[in-house]
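Work through the exercises below with the model open. Each task is followed by its solution in steps.

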Amino acid sequence: MTDLVVRALVENEAREVFTSMPDAGLVGRPLLGRSYRTLAEGGEYRPDWTFVAERDGAVVARAALWAAPADTEPLVLDWFDCLDEEDGARLLRALPARPEYELMLPPGWRADPAVRAAAEKRIGAAERAGYRTLVERYRYLWTEANELPESGDRLEFRPVPDDSVVLDLLTRVQQGTLDAHGRRTTDEQGLAAAGREELDLLNWFPSPREWWRTAHNAAGEAVGFHAPVHNPNGPAIGLIAVLPEHRGNGYAHDLLADCTRLLVDHGAREIAAATDLGNHPMAAAFARAGYPIVQHRYCMV
């Protein structure tokens with residue numbers, strides 16, 4: 001067997017070379033209906049952040065790191081596949097950056113033998129390269145075909161005065177959070193770091209912070225916060241957060257409903273969202289608000 005060659009691509013070959021490897025499209029980015037295209041072609045990927053492993057001139061594994069156009073560092077490995085696990089692992093070990101790996105999967109992916117085999121090959125290669133599973137997440141998509149959820153009148157929603165108020169709320173909501181990313185940062189760096197990480201992410205989105213809202217009960221107490229956003233691909237639920245002392249009252253639905261309505265008021269015809277499989281209260285809120293599950297995300301770090 002000849003040696004494996006791992007290399008980055010260049011603009012004039014990127015799409016042709018990257019798409020030369022056969023793929024049944026059962027898992028990964030093809031589920032979103034987006035083909036590989038470079039930024040210069042109007043797509044999402046940079047050739048110098050796109051890598052292939054070749055043997056005898058044929059692509060046997062490929063990986064594309066992603067970030068928004070203005071970012072200077074890759075944020076996620078969101079396109080990776082391989083014909084052989086070890087070749088895939090060697091490709092991943094050679095990457096210049098090791099961001100989180102997000103594998104897109106159809107709902108109930110473990111029940112379909114072909115889909116499960118395709119997923120487990122990618123997961124197995126990532127594990128050989130040193131990745132470990134962090135969490136599996138539901139991905140939702142509300143569309144205008146669904147009714148707008150009703151938020152009721154239990155809460156008053158107010159624009160956020162400044163980042164210090166938001167940072168205090170986001171730090172407080174990390175206590176007892178069911179979000180795996182927040183727990184990971186809290187365990188490694190503390191509550192304040194987890195709150196700052198959440199705020200930095202919200203500020204990263206290319207949408208107005210004037211959309212963010214705090215939620216207050218009849219006594220005037222802050223009970224939570226929501227952030228409608230536009231990510232680079234469209235409208236999304238950036239964050240729904242209920243303070244620890246007010247959990248168990250169903251406020252997540254009220255927050256989600258108001259967040260949805262604000263995005264619709266600003267022209268959204270569909271809205272993406274996500275939550276961890278283990279976050280049962282938030283999953284219930286999405287179901288009640290008419291957000292169907294459209295995919296799963298398998299997250300590895």
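**Exercise 1.** At what angle do helix α4 and helix α6 pack, and how far apart are their axes?

*Solution.* The model is predicted, so local features need pLDDT of at least 70 and side-chain atom pairs count only at pLDDT 80 or more, while totals for chains, interfaces and linings use all residues. Residues are numbered from 1 along each chain as its sequence is written, and side-chain values use heavy atoms, with hydrogens and water left out.

Step 1. Take α4 as residues 163–172 and α6 as residues 191–204; helices are DSSP runs of H or I with at least four residues, strands are runs of E with at least two, and both are numbered from the N terminus.

Step 2. The angle is about 130°, and the axes lie 8 Å apart.

Step 3. Angles under 35 degrees count as roughly parallel, over 145 as roughly antiparallel, 65 to 115 as roughly perpendicular and the rest as oblique. α4 and α6 are therefore oblique to each other.

**Exercise 2.** Which residues of α4 and α6 meet?

*Solution.* Step 1. Contact means heavy atoms within 4.5 Å. From α4 come Asp-163, Val-166, Leu-167, Leu-170 and Thr-171. Their partners in α6 are Leu-191, Ala-192, Gly-195, Arg-196, Glu-198, Leu-199, Leu-202 and Asn-203.

Step 1. Sorted by class, the contact has seven nonpolar, three polar and three charged residues (Ala, Val, Leu, Ile, Met, Phe, Trp, Tyr, Cys and Pro are nonpolar; Asp, Glu, Lys and Arg are charged; the others, Gly among them, are polar).

**Exercise 3.** What is the volume of the largest cavity, and which residues lie nearest its centre?

*Solution.* Step 1. On a 1 Å grid over the protein atoms alone, a cavity is a set of points where a 1.4 Å probe fits but cannot get out; a pocket is an open set with protein on both sides within 12 Å along at least five of seven lines; lining residues have an atom within 4 Å of a point. Points are joined across faces, edges and corners, and volume is the space filled by probe spheres set on them.

Step 1. The largest cavity has a volume of about 60 Å³. Of its 14 lining residues, Gly-28, Arg-29, Trp-79, Phe-80 and Arg-122 lie nearest the centre.

Step 2. β4 gives the most to this lining, four residues. The lining has six nonpolar, one polar and seven charged residues.

How values were computed: Axes fitted to C-alpha atoms, helices over the stretch in contact; angles between N-to-C directions.
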